[in-house]
Structure formats: structure tokens, C-alpha cells
Amino acid sequence: NLNQQSTVDRNFNPAQRFSLAGEGGRPIYVSETSIVPTTGAIASQDTRRSQRYARVSELLSDLRSESYQATINVSPMRFSTGFSWNAWYTYQYVREQFRGFGSTVGNPLEVEWGKAAASPHQIGYNLGYNFFDFLRVSWFGQFRSGTPYTPMVASDINGDGYANDRAFIFSPSAGGDTAVVNGMQALLASGSKSARECLSKQLGQLAGRFSCTGPWTSTATMSFSFNPIKVRMPQRASLTFQLSNPLAAADLLLHGSNNTRGWGQTPFQDPSLLYVKGFDAASQRYVYDVNRRFGSTNPAFTPFRSPVTLTAMVRVDVGPTRERQMLTQQLDRGRRTEGTKMPEMMLRAFFGNGGIPNPLAAILRDQDTLHLTSAQADSVATLNRQYIIKLEGIWGPIVKEFTALPDTYDHDEIYHRYIVARRQTVDILRDLAPSVKGLLTAAQVRQLPSFIASYLDTRYLASIRSGTAGLATGGGPAFMPGGGDVFVGAGGGGGAVTRVEIRSP
């Protein structure tokens, strides 16, 4: 990833004035007299090239980063009319260049390599179940490993004018300031798990950038889609309820609003390990307080929460059907629009099957994969010939009629002829489907790709008999009367949407 962004303060003077021996030799760019002893606040004029300006920031794109990612996806080979699922795991690693104006223990002008604030592990899953061909319930969930964060000092201590200083991890066994020793002992004993693990590995050192990692998080979304036919709605309409963050809803129901456990929330860890209380010029060291809530993920201290949202969506496809759009576009070419009229061979390729793929031909192509016996292959081939002959009887005359259309023709009449023929095609395939499935063993049926299996499912065929309009209005996944993993892509046409949201407090 080239030309990555960074910021440089062009008015920063990198001349080191002294160093903090008790913090691994951290360089300080202001003199002791520029640090207020009672508060540790810094007057940063020592680090300004020109005293007339404070920061003079230049935005650059001279850095780079490297990203690596691998994904494993698992899904069933068997087509199911009721239950569908799939799951995946993704590992990613990102390392990047950075300047110290964002995070430093040395000269903020220097460019270093380090890992980025990306969660390396992600696990996702989809579950769907079709209840009685009436209600489709879907659940999408994801587990994500903790986000990296950096132990920081809550204010500027090196004098560059930025609160970008990584903390020194004081070891309680090394002695020193009593307040710091007691604070680190308490944090190592009772702090969050991620904080204890991170700090114990870096005792007596300057903290590494993104050296701490937060806990795993889980998010989910739940949806309920009703079969429009069963709820007496037009096929071109759909009714869906979507519940965002159902885990947080369960948390509220089980534990109450005053005792939530943070389910479904993304925690924001407090990265401030040290607060500056003052400065001892004689010993050239800062006086600190340890933040006992460093790395805490307590939801009571989380400023941002993902709400529980219930959204009701009624979608109505009010535009031309997908099939009508394609038919009109092809037949108008060279007649009402520019271009060359399509010859009979091309029209036959486009409309010779009513837009319904031939699953029998697909099974014959995959007969080696399906391990069809000779008897099975011959039987499927016989049914396929019968199907093709009947298709020719339906579509042959229509294609010839389409070829001979004049420049001005009745769109409604031609589409009516097309849709009647499409219904006849689906009816033929619906009658053949049980015979085809009866020829295959249970193991062979499980091996059928979902795309092929869906066109052997009589309920799915019934849902597309008059076209696919309304099955995926608005770009979402279709309600599949037959269930399974088949999705119909969104088509043309407008949409009227009624949206109602009910939010939790």
C-alpha cells in the first residue's frame, strides 16, 4: 500500500535538551526550566524553530504499509429447503510505517515500521431457517479478536507539543515512587486480563506501539422475512423485520439496563496508563499517577454503545419486471433504438428457454462428479430430450414471431406472449423435477450445486413462474420459498419503501 498518509510538524526543533534516565533514556526536547514543577505542564517554545508559530503541520503521503490476508470458507454442499448455513475464518496481518508525531518514545521525526491497529482474527457465520414456507429467519454473526492499543502517557512529556508519548512500564519490584509502585501493583493484581498480560511482558521498558490487545467481541444481526404469498401480499412486495444487535437486546432482557454485561458492544479500552502530576527538576524525572482503569472494558465506562434497533421494511417493486426490461431492450434494438436487429439465432439463445436454466443439462455435464450410473445418465438424458422438445414447441414459434416484428409493435402484447410461454416452461420443469430427483440417490442429491438444486425444487419454481420481480427488491436477499442458499440479484425498477424504526433507550 503505497503513498500512505502522515503528518510532520515543520516547526519542530529536534534538538535534545536532556533525557529521562529512569524511563529508558527517553529524550526530552525542552529544558527543565520550561516544565512546570507542580503540574508537569510544558511550555514548548524551546521546540519551536520560529517562536511566532506553534504547530506548522504538513500532510504527506510518503509512507507505505503491507497487508496480508487469508480466508477459509465452509458451507454445505447439500441443498436444503429449510436450513442453510455457512461460516468463514479470516486471518489478516497489517504492518505499516509511522512517524512519531502519532506515537513515539524517541525523535518524532523518525519513520519506523510497526503493526497496525487491525484485528488479526475474524470468524463469521450465517444461519437461516425456513419455518413452514411462511417465515424465513436469518442470523448473521461475527466474532472478532481484540483491537490493539498502546499504553500512553495522558499528556505531552517530551516537549514536541503532542500527547503522543508511549508510557514507560514501571516495575513494582524496582522500587522508586511509592504512588507509582502501589498503582502498578494494584493494576497487575486486579486490572483487566488484557492489561495484566500486556504490562507484565514489558516491565522496565518503554511500551511498544499497539503492544496491548483488547478482548474478543461478538456482533450479530437478525432478520425475519415473510413469504408475501402466504401473507396475501403481491409477489412484487416483501415484508421484513430486522433486529440489529440482538445480543444487546438479550443483555438488556436478562440483566436489566443497570447491570448490562456489554454483549454485542465493541469495548473501547482506556489507553492512558500514566497521568502526569508534576516534575522534579533536580532528579530530572516526572511524577506520575497510575490509571487504575487502564485497559478497562467495563460497559459502565464505555461512552459509545451500539443501540438495539428494530426496523420494519415494506418494499414494493413498482418498476417494470426484469424479464420485461430485457425483452424490450433486445427487441427494440434496430427498431425503436439504435443498433442492429437481433437475428433469430441470437433471439433463440436469449429467450429459447424463458430465462430458466436447464438443470437436466447441468446434471449431465456433471455426471462424472455425481458418479451417475449408465442407467441414471440414460434416464436423465431421455428426460432432457423430452424437455428440450417441449421447449422447442413452446418457444420456436415465439422466437420466429419476435424475429419478424415490425418497427412498431405492441409491447404489452409481446410481453404477454412471453410470460405465458414462461409459465408453460416452468410448469413442464415442475412436472419433471420429482422424476429427476427420484433417479438420483440421496448422496447424489446432496452433491448437486445449490444453483442446480433450486431449479428442481417445485416451491422455488412456483415462486418464479411469472418472473423474479419482487424477490429481491431493494438489493437484499430474496425470500426463498424453498429455502437453501440460492439468492436472486436485485433488478431494475423503482421501489416504494415504508421504514419504521423502534430504538431502545
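Start by selecting Cys-198 and Cys-212: both are buried, where buried means under 20% relative accessible area, exposed over 50% and partly exposed in between, with a 1.4 Å probe and protein chains only. A disulfide joins these two cysteines, with 1.8 Å from S to S. A disulfide here is a pair of cysteine sulfur atoms within 2.5 Å, and by this rule the count comes to one. Turn the view to look at the S-S bond of Cys-198 and Cys-212: its torsion is about -60°, so the disulfide is left-handed. The pair links distant parts of the chain, with Cys-198 in helix 2 and Cys-212 in strand 14, 14 residues apart.

Some notes before moving on. This is a predicted model, in which local features need pLDDT of at least 70 and side-chain atom pairs count only at pLDDT 80 or more, while totals for chains, interfaces and linings use all residues. Residues are numbered from 1 along each chain as its sequence is written, and side-chain values use heavy atoms, with hydrogens and water left out. Helices (H or I, at least four residues) and strands (E, at least two) are DSSP runs, numbered from the N terminus.

**Stop 1: helix 2**

Keep Cys-198 in view and select residues 193-200, which make up helix 2. Which of its residues are buried? They are Ser-194, Ala-195, Cys-198 and Leu-199. Look down the axis of helix 2: these buried residues fall within an arc of 115°, so they line one face of the helix. That arc is taken from the directions from the helix axis to the C-beta atoms.

Now show what covers the buried residues of helix 2: the cover includes helix 1 (178-190), along with strand 10 (148-149), strand 12 (168-169), strand 14 (212-213) and strand 17 (272-280). Contact means heavy atoms within 4.5 Å.

**Stop 2: helix 3 and its two ends**

Next, select Asn-245, in the loop between strand 16 (237-244) and helix 3 (246-255). Is Asn-245 buried or exposed? Asn-245 counts as buried, at 7% relative accessibility. Check the backbone here too: phi of Asn-245 is near 55°, a positive value in a residue other than glycine. Most residues other than glycine have a negative phi.

Move along into helix 3, where the buried residues are Pro-246, Ala-248, Ala-249 and Asp-251. These residues pack against strand 9 (135-144), strand 15 (217-226) and strand 16. Leu-254 is also in helix 3, but this leucine counts as exposed, at 61% relative accessibility. After helix 3 comes Gly-256, with a positive phi near 85°.

For another positive phi, jump to Asn-3, at about 55° although it is not a glycine. Asn-3 sits in the segment before strand 1 (4-9) and is exposed, with a relative accessible area of 56%.

**Stop 3: Val-36**

Select Val-36 in the loop between strand 3 (26-28) and strand 4 (57-63). Val-36 counts as partly exposed, at 37% relative accessibility. Leaving out residues up to four places away in sequence, Val-36 touches Ala-41 and Phe-279.

**Stop 4: two helix pairs**

To reach the next stop, draw a line between the C-alpha atoms of Leu-254 and Leu-327: they are separated by 55 Å, and lie 73 residues apart along the chain. Leu-327 belongs to helix 4, and is one of the residues there that meet helix 9.

Select helix 4 (residues 322-332) and helix 9 (residues 411-439), which pack at an angle of about 125° with their axes 11 Å apart. Axes are lines fitted to C-alpha atoms, for helices over the stretch in contact, and angles run from 0 to 180 degrees between N-to-C directions. Helix 4 and helix 9 are therefore oblique to each other; angles under 35 degrees count as roughly parallel, over 145 as roughly antiparallel, 65 to 115 as roughly perpendicular and the rest as oblique. Among the residues that meet are Glu-323 and Arg-324 in helix 4, and His-411 and Tyr-415 in helix 9.

Finish with helix 5 (residues 344-351) and helix 8 (residues 374-403), which pack at about 135° with their axes 9 Å apart. This pair is therefore oblique. Their contact includes Leu-347 and Phe-351 of helix 5, and Trp-395 and Val-399 of helix 8.
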